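Here are my notes on this one, jotted down point by point. Have a look at the model first, then read on.

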Amino acid sequence: MEGSQGSCSIMWFFKDKGFDDNSIHEMSRRCKRLEDVDGEQASENWEYLKSIGIQERKLPAVIGKCPKILTLDLREKLIPMVQCLASLETKPNELASVIAKFPHILLHRLEEKLCPLLAFFEALGAPEKQLGKIILLNPRVISYSIETKLSKTVDFLSSIGLYEDGSIGKILVKHPCIMSYSVSKRLQPTYDFLKSLGLSVSQLQRVALNFPEVLCRDVDKILKPNALYLKSCGFDGGQLAAVVAGYPPVLIKSVRNSLEPRIKFLEHVMGRKIHEIVEYPDFFRHSLKKRLEFRQKMLSQKQIECSLNEMLDCNHCKFMARFGFD
């Protein structure tokens, strides 16, 4: 009888919040425990989620993704977890945004999951003040097993020589999503491809440390097409390796929207040869409109000739002073 009353009560709650019959049926199918939740408990949890900054218009989507949130004990489970996660925030309302995107983060036990995870990251060298960034930028990490998932990523990074001075912790802070990728299906194949281009061990380590996002991209869909495009522009094997080592994101930038326009500008407007990029791979880092076009125009007016490094590797004030512009 109790379960029947609870079921009826939760039904009225859902109807009051604007859920249609199909949505209610689907949530009940995915979370059998909803049958034992009364409308009062559901309302308390709903109101609490509003109080921490989740907009009410977003709550139906949040509950639709994770109806089990309504079954959590407010004071013993929901509030302690939210308070702990809130202590990790690096900016206002960050947690509300995270919960809206990945509400399942609230289902995990504080003592069994979150605390061991934070200790694991800190042991790898992640600064205490940056631990929140790892969790909140990649909230799915809380659902991963340390033993069967995260340790494999750590072992991979250690195997390429990144095991000193908190290097792995720095990588996790820089790009938390690296832990979401399979070592065997993504990280190792990408590493092997970069190695096949001619990058040395130390260069590969710098890629992982400074641009870990490159390791996370698909070889066949992203890296290989970019490498083939750069070769078609005239870079030979050694030159390509130098460019990639100097500016690894060149392999993940859009060919159509980034690489091609810059190379055309270099050759057709600046009148320079492609090999100059080998001496200054950061050429691809600079904005075409705000930096390349503006500085080329200024230099052309005075008929000044200089290297790409001299032209680009300085801020606006130093550029103006270096070349005598008022």
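1. Let's start with Asp21, which counts as partly exposed at 48% relative accessibility. Asp21 forms a salt bridge with Lys15, and the closest N and O atoms are 2.3 Å apart. Lys15 is partly exposed too, at 38% relative accessibility.

2. Keep in mind that this is a predicted model. The chain has an average pLDDT of 93, and 97% of the residues score at least 70. Confidence is lowest in helix H1 (residues 2-16), with a mean of 72, and highest in helix H11 (residues 183-196), at 98.

3. The structure holds 12 salt bridges. Glu44 and Arg75 make one of them, with 3.8 Å between the closest N and O atoms. That pair ties together distant parts of the chain: Glu44 sits in helix H3 and Arg75 in helix H5 (residues 74-86), 31 residues apart. Glu44 is partly exposed at 32%, while Arg75 is exposed at 57%.

4. Another pair is Arg285 with Asp282, where the closest N and O atoms are 3.9 Å apart. Both are partly exposed, Arg285 at 42% and Asp282 at 23%. There's also a network: Glu47, Lys50 and Glu56 are joined by salt bridges that share partners.

5. On the surface, look for a patch of positive charge made by Arg57, Lys58, Lys91 and Lys101. Arg57 lies in the loop between helix H3 (39-51) and helix H4 (59-65), and is exposed at 66% relative accessible area.

6. Lastly, Gly234 is in the loop between helix H14 (219-232) and helix H15 (237-246). Gly234 is partly exposed at 42%, and its C-alpha is 7.0 Å from that of Ile274, 40 residues apart along the chain.

Conventions. Residues numbered from 1 in each chain as written. Predicted model: local features only at pLDDT ≥ 70, side-chain atom pairs only at ≥ 80, totals over all residues. Heavy atoms only, no water. pLDDT = per-residue confidence, 0-100. Helix = DSSP H or I, 4+ residues; strand = E, 2+ residues; numbered from the N terminus. Patch = residues over 30% accessible without salt bridge, like charges linked within 9 Å, V, L, I, M, F, W, Y side chains within 5 Å. Areas by Shrake-Rupley, 256 points an atom, 1.4 Å probe, with all protein chains shown as cover. Salt bridge = Lys/Arg side-chain N within 4 Å of Asp/Glu carboxyl O. Lys, Arg positive; Asp, Glu negative; His and termini not counted. Charge placed at Lys NZ, Arg CZ, Asp CG, Glu CD. Buried < 20%, exposed > 50% of the residue type's maximum accessible area, 1.4 Å probe, protein only.
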